[in-house]
Amino acid sequence: MMNLLFLGDVVGENGCNFVASKLSAIKHEYSVDITVVNGENSANGNGITPKSAESLFSAGADVITTGNHCFRRKEVMQLYEENDCLLRPANYPEGNPGKGVCIYDMGRTRIAVINLMGTLYLEALDNPFTVIDRLLEDIDTPNIFIDFHAEATSEKKSLGQYLAGRVTGVFGTHTHVQTADEAILPGGTAYITDAGMCGAELSVLGVKSEIAIQKQRFHSPVRFTESDNPAFLNGVVTNFDEKTGKAYNIKRLLIR
């Protein structure tokens, strides 16, 4: 049996620093074997940069996933090509830098991490259902975890149930609000609609509250700024059998 830790969207320097301060203790407490972190908002001003990626890898992340801000910062483009453990959604068109699948070799077993993005209320990418069917044909390990970066809860629920019994875990990201629907789906698939975020708790999705309120109240142009309020950490720990790829338990984490 093994344990995988998955952390929701890390927001800015505040989130990166908090993850760095807590990750070692979390991994020890839950006997974590592999850690996957969504880092698409880890750079100040959103997106991911080589600096913020290195911050998360140095803190203890084994694989970093992203989402709709994956290409926001030009300076990260080369890193997608150089580091197989930094992913962008697999359903972006061919020709983009990087890839959406990482096969993480742990010696006694291999773990596949797949990054996908939803299309409801987001960019018109390739159909994630079609893409995942194609990807699963070529993956020869039973241990398969998916970060599904999507806006609509219905799309996340649908993909989770579509893949029930076919993958080890489906974890939603993007909305930054942790949902209370963690479950083991039929066939042994761990699922949560959204893992939440790592960043300022008293904020609007990591942004200074007063700025977000101004934007929504007056619909005027604003420049979003990361909140420096005390941070918290959201994620899940999943216990699975590495021989069968079946999950047996999923636990939500909320650490202040």
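Contact here means heavy atoms within 4.5 Å, and helices (H or I, at least four residues) and strands (E, at least two) are DSSP runs numbered from the N terminus. This is a predicted model, in which local features need pLDDT of at least 70, side-chain atom pairs count only at pLDDT 80 or more, and totals for chains, interfaces and linings use all residues. Residues are numbered from 1 along each chain as its sequence is written, and side-chain values use heavy atoms, with hydrogens and water left out.

Let's begin with two helix pairs. Axes are lines fitted to C-alpha atoms, for helices over the stretch in contact, with angles from 0 to 180 degrees between N-to-C directions.

| Helix pair | Axes come within | Crossing angle |
|---|---|---|
| H4 (residues 128-137) and H5 (residues 153-162) | 11 Å | roughly 25 degrees |
| H1 (residues 12-29) and H2 (residues 50-59) | 9 Å | roughly 10 degrees |

H4 is therefore roughly parallel to H5, a term for angles under 35 degrees. Pro128, Phe129, Ile132 and Asp133 in H4 meet Glu155, Ser158, Leu159 and Tyr162 in H5.

H1 likewise runs roughly parallel to H2. Here Cys16, Val19, Ala20 and Leu23 of H1 touch Ser52, Ser55, Leu56 and Ala59 of H2.

Now to a strand residue: Asn3 sits in strand E1 (residues 2-7). Leaving aside residues up to four places away in sequence, Asn3 touches several others, among them Tyr30, Val32, Ile34 and Phe240.

Methods
Angles under 35 degrees count as roughly parallel, over 145 as roughly antiparallel, 65 to 115 as roughly perpendicular and the rest as oblique.
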